[in-house]
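The following note concerns the structure shown below. Please read the points alongside the sequence and the model.

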Amino acid sequence: MIEKVIEGKVYTRGKILECCVGIERGRIVSLKRILDGEEKIKIRRGIILPAGIDIHVHFREPGYEYKEDFSTGSLSALYGGITCIADMPNTNPPTLDTISFKEKLSMAKRKSYVDFVLYIGVTESNVDKLDEISKLSNLLKIYLGESTGSLFLDSSNLEKLKEIEEKKLIVFHAEDRKCLDKNRFQARNLKEYAKSRPSACESIAIRKIMENLGGTNHRIHIAHISSLSGLKELEHRDDNTTIGITPHHLFFNIEQDLEEESLYKVNPPIRGRINQEGLIEAFLNKEIDILESDHAPHSLDEKEMSFEESPAGIPGVETMYPIMMYYFVKKNLPLSRLINAISEKPADLLGVNKGRIEEGRDADMVIFDLKNVKRIDDQDVHYKCGFTPFKGFKAIFPEKVFIRGEEAIDGEECLIEKGFGKYLGEIR
Ligand code: NCD
Ligand code: ZN
């Protein structure tokens with residue numbers, strides 16, 4: 001008999017079917033109308049969807065554990081229906097070489113609640129050692145302009161990236177440094193901040209990336225697109241290039257009345273309403289491929305300093321799936337679009353065997369009761385920083401979360417220990 005069977009309304013291959021998911025050793029082995037299992041869980045209320053995957057988080061460890069650490073970050077992810085994450089390299093020390101990579105890896109293996117992979121950064125300091133750093137990870141992160149954490153690669157070095165093996169994923173923070181330098185001034189609020197990092201800087205960076213790598217077979221991901229002009233640069237992209245967007249760029253704009261504007265200070269910045277609405281449309285039309293949170297927490301003390309001093313970055317890993325789920329249900333939009341952007345495509349990009357409820361995949365699933373809508377408050381999130389800029393938003397949080405067949409979240413309760421999360425990368 002099959003080890004474990006979960007029965008209910010299951011989203012599989014684009015449809016919601018009343019069926020049983022058979023699980024052995026954490027993998028889905030069978031999907032059938034009727035299945036017997038040694039253990040059987042019946043889901044009477046709600047739907048069973050693939051768990052989310054977040055390709056862009058900053059869990060801050062090592063070096064900034066007062067902002068977040070791998071346990072608090074990954075536990076927050078889990079509560080938000082995310083069972084796999086990719087952690088960014090702008091820690092302290094930054095993840096740029098073998099030693100820093102291996103240290104982060106052994107720490108994360110001890111502390112993570114969710115499965116994970118790790119980016120390695122490519123900067124001025126290691127771009128001439130692409131052979132060495134490529135052995136560490138299939139995921140490379142490149143900042144073309146400075147952001148929080150000061151990792152940076154000059155665009156004149158884009159040419160060198162052609163040497164990178166084609167199976168690697170190269171993720172870009174696309175804001176052009178020269179353009180940022182030219183426009184820089186002390187912004188005192190969100191409108192000024194958007195002016196000080198204008199969308200032209202995004203367009204220029206994207207143009208340079210495409211000029212250098214566009215015709216090649218490299219897999220390129222443009223992280224957190226923030227402007228329609230940036231998007232336009234990617235109109236004629238091929239299948240090797242993907243685009244990500246964050247919930248904050250989808251739902252906030254600088255014309256809104258936002259209290260405590262520094263809480264929304266982020267790179268690339270929140271822009272105007274027309275832009276924001278255009279991005280929603282582009283996301284729904286599939287011109288934008290992927291949802292990513294860019295979970296970038298800072299302590300409340302830091303964020304509440306003057307606007308000028310407040311560091312850029314917004315937490316969001318726990319609210320991304322719940323907010324999007326509510327938005328899709330309320331607007332009666334096809335769930336297939338959301339699941340493609342939050343589970344299927346991210347799994348393909350990271351090369352992990354998750355993201356779909358299908359035979360052979362990891363049994364990573366979330367159960368949403370679509371009637372259980374709640375208004376988000378700071379107490380609802382498990383971040384170390386203790387606040388969420390999405391306070392007041394309506395959301396549908398998961399009732400249960402399964403990771404590799406294991407029930408990990410049941411309502412308010414977490415049923416697994418830290419260290420359950422597995423590293424899904426390979427080191428050669
Ligand atoms: C990020 C952070 O705080 O680590 N901040 C941000 O505004 N997105 C840095 C980054 O990835 O740009
Ligand atoms: Zn980021």
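Are phenylalanine 70 and phenylalanine 116 buried or exposed?

1. Both phenylalanine 70 and phenylalanine 116 are buried, where buried means under 20% relative accessible area, exposed over 50% and partly exposed in between, with a 1.4 Å probe and protein chains only. This is a predicted model, in which local features need pLDDT of at least 70, side-chain atom pairs count only at pLDDT 80 or more, and totals for chains, interfaces and linings use all residues. Residues are numbered from 1 along each chain as its sequence is written, and side-chain values use heavy atoms, without hydrogens and water.

2. Across the whole structure, 13 aromatic pairs are found (ring centres of Phe, Tyr or the six-membered ring of Trp within 6.5 Å; planes under 30 degrees apart are stacked, over 60 edge-to-face, the rest tilted). Phenylalanine 70 and phenylalanine 116 form an edge-to-face pair, at 5.6 Å centre to centre and 65 degrees between the planes. Because phenylalanine 70 lies in helix H1 (residues 70-79) and phenylalanine 116 in strand S7 (residues 115-118), the pair ties together parts 46 residues apart in sequence. Helices (H or I, at least four residues) and strands (E, at least two) are DSSP runs, numbered from the N terminus.

3. Phenylalanine 390 and phenylalanine 393 are also paired edge-to-face, at 5.2 Å centre to centre with 85 degrees between the planes. Phenylalanine 390 has a relative accessible area of 1% and is therefore buried. Ring pairs join Phe390 and Phe393 in a cluster with Phe251, Phe252, Tyr264, Phe283, Tyr327 and Phe328.

4. Lysine 331 lies in the loop between helix H11 (320-330) and helix H12 (335-350). Its relative accessibility is 46%, so lysine 331 counts as partly exposed.

Conventions:
Chains lettered and ligands numbered in written order.
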